[in-house]
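Here are my notes on the model you sent over. Have it open while you go through the points.

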Amino acid sequence: QIKDVIALNTNENPFPLPEEVVITLAERLRGVIADLNRYPDRDATTLRTKLAHYISQSTGVEVTLDNIWAANGSNEILQTLFLACGGADHLALGFSPSYSVHPLIAQITKTPWFAGSRDGDFAIDIPKAKALIREKSPHLVFVTTPNNPSGTSTSISDLKELAEATGSVGGLLVIDEAYAEFSTEPSAVALLADFPHVVVVRTMSKAFAFAGARTGYLVAKPAVVHAALITRLPYHLSTLTQVAAETALEFTPAMQSEIELIIAERDRVGNALTEVGYRAVPSAANFILFSGFKGESAQVWQAFLDRGILIRDIGLRGFLRVTIGAPAENEQFIAALREIAE
C-alpha cells in the first residue's frame with residue numbers, strides 16, 4: 001500500500017457510501033455502542049436473515065438464514081470451510097491461475113493442495129477438469145467465477161458438470177463468487193437444489209462498496225452451515241460489523257447504484273488497452289487483466305507507478321491487472337497507458 005497515488009490494485013469499489021447510508025449507519029452504531037460491554041449475537045441471526053433475503057431477491061432462488069453463514073470477509077469463510085472439511089488427509093483442488101488465497105489457506109490448515117490448470121484464455125477445460133476430479137478424488141474443489149485474476153467467468157452449465165463430477169467422488173464444490181454482481185452469468189446458488197455439496201462464497205466488499213466492514217458469507221445447505229458452526233471462532237463477528245452490514249443490506253439499491261457505471265468504465269478501459277495494442281482479457285469483474293506490453297511486468301508496473309498509478313503485478317509473467325476506478329481515475333490510467341505504450 002502506497003500513499004499519494006491512484007490505487008487501482010486491490011479491486012475495491014471506488015465510490016464512497018451514499019450519504020443516506022452514512023447518516024443511518026452513524027445513528028445505528030450510536031444506538032449499540034452503549035451495549036458493547038456485551039458479546040455480539042454469536043449466530044448473527046438478523047444479519048443472516050437479511051443476507052438470505054438479498055440472495056433470494058437477487059438470484060431468484062429462495063433461501064433462508066439456515067442456508068447462510070457470515071464471517072469477517074470471504075477469507076474467513078474459506079478458512080472455516082478448510083477447518084471443517086480439510087486437513088492432512090483431505091485433498092483440495094483448484095484451477096490456476098486463480099485466487100491466490102485458496103492454496104495459502106490450504107497450507108495453514110495443513111490441507112494438501114493440487115493445482116489444476118486453465119487454458120490460454122483462462123477458461124477451465126471442463127472434460128479435463130472432470131477427469132482430474134475423478135483421478136484425484138478431492139474432498140474440496142475450488143472454482144472462482146468471475147475468476148481472479150483473469151476476470152473470466154465459468155458458465156452455469158459448466159459449473160453443473162463440475163458439481164456432478166465432484167459429487168461422484170464425495171467432494172464439496174466451493175464456488176467463489178466475490179465478483180458475481182458484475183457478471184451477467186446466473187449465480188451458482190441455482191445449483192443448490194440439485195447439488196447439496198455445492199457451497200457458494202460471496203462478499204460485501206466489492207459490489208456493496210463495503211470492503212472496510214469485512215463481511216463475507218456463504219450460501220449452502222444447512223449441513224454445511226452446521227459444519228461452519230463447529231469450526232468458527234467464538235463471537236467472531238462483532239456487534240458493530242453486524243449492524244453495519246445489516247444497514248447496508250437495507251440500502252441495497254443505493255449501495256449497488258454504481259455497478260452499471262463500473263461496468264461501463266470497464267468497457268472503456270478495456271477499449272483503451274486494445275487501442276494501444278495490448279490484450280485485455282474479457283472481464284466480468286471490476287478489474288481487467290492485460291498483456292502485450294513491451295518489457296517485463298515489473299518494469300511496466302513501475303512505469304505506471306512513476307506516473308502516480310498503482311496497479312497490480314500478480315506474479316503472472318507478461319500480465320498486469322488494473323482495478324476499475326472512478327471515471328476520473330480511469331482517465332488518468334488511460335493517459336498513463338498511452339504514454340507508456342508509445
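1. A word on terms before anything else: a nonpolar core here is a set of buried Ala, Val, Leu, Ile, Met, Phe, Trp, Tyr and Cys residues joined through side-chain atoms within 4.5 Å. Bear in mind that this is a predicted model. With that in hand, the largest nonpolar core has 47 residues, and the members touching the most others are Met204, Phe210, Tyr217 and Val219. The top contributor is helix H2 (residues 45-59), which puts five residues into this core.

2. Setting aside residues up to four places away in sequence, Phe210 touches Leu17, Met204, Ser205, Ala244, Ala245, Ala248 and Met255.

3. Now for H2 itself. This helix has 15 residues and reaches 21 Å from first C-alpha to last, close to the 21 Å expected at 1.5 Å a residue. Its buried residues are Leu47, Arg48, Leu51, Ala52, Tyr54, Ile55 and Ser56. What do the buried residues of H2 pack against? They sit against S2, S7 and S8, plus helix H7 (222-231), helix H8 (239-250) and helix H9 (252-255). Just after the helix, Gly60 has a positive phi of about 80°.

4. Next, the seven-stranded sheet. The sheet is open, with mixed pairing and the order S2-S8-S7-S6-S5-S3-S4. Strand S2 (68-71) and S4 are the edge strands, and each pairs on one side only. Ignoring direction, neighbouring strands in this sheet are turned by 25° against each other on average.

5. Strand S3 (residues 92-96) and strand S4 (residues 113-117) run parallel, with five bridges, and Ser96 stands opposite Ser117 in S4. S3, helix H4 (residues 101-108) and S4 form a right-handed β-α-β unit. Strand S7 (residues 198-203) and strand S8 (residues 216-219), on the other hand, run antiparallel and are joined by four bridges; there, Val201 is opposite Leu218 in S8.

6. On to the helices lying on the sheet. Helix H3 (residues 73-85) lies across S2, S3, S4, strand S5 (140-144), strand S6 (172-176), S7 and S8, and runs at about 155° to S7. Helix H6 (residues 156-168) also packs on the sheet, where it touches S5, S6 and S7, and its direction makes about 150° with that of S6.

7. There is also an open sheet of three strands, with the order S9-S10-S12 and antiparallel pairing. Strand S9 (279-280) and S12 each have a single partner strand, so one side of each is left without a neighbour in the sheet. S9 and strand S10 (residues 287-291) pair over two bridges, with Arg279 opposite Ser291 in S10. Helix H10 (residues 259-275) lies across S9, S10 and S12 and runs at about 5° to S10.

8. Last, Ile311. Is this residue buried or exposed? Ile311 counts as buried because its relative accessible area is 1%, and the cut-off for buried is under 20%. The residue is found in the loop between strand S11 (309-310) and strand S12 (319-323). Leaving out neighbours within four places in sequence, Ile311 contacts Leu8, Asn9, Phe290, Trp301, Phe304, Leu320, Arg321, Val322 and Phe333.

Conventions
Residues are numbered from 1 along each chain as its sequence is written. This is a predicted model: local features need pLDDT of at least 70, side-chain atom pairs count only at pLDDT 80 or more; totals for chains, interfaces and linings use all residues. Side-chain values use heavy atoms; hydrogens and water are left out. Buried means under 20% relative accessible area, exposed over 50%, partly exposed in between (1.4 Å probe, protein chains only). Contact means heavy atoms within 4.5 Å. Two strands pair if DSSP finds at least two bridges between them. A crossover is right-handed if, with the strands pointing away from the viewer, the path from the first strand over the helix to the second runs clockwise. Axes are lines fitted to C-alpha atoms, for helices over the stretch in contact, and angles run from 0 to 180 degrees between N-to-C directions. The expected span of a helix is 1.5 Å times one less than its number of residues.
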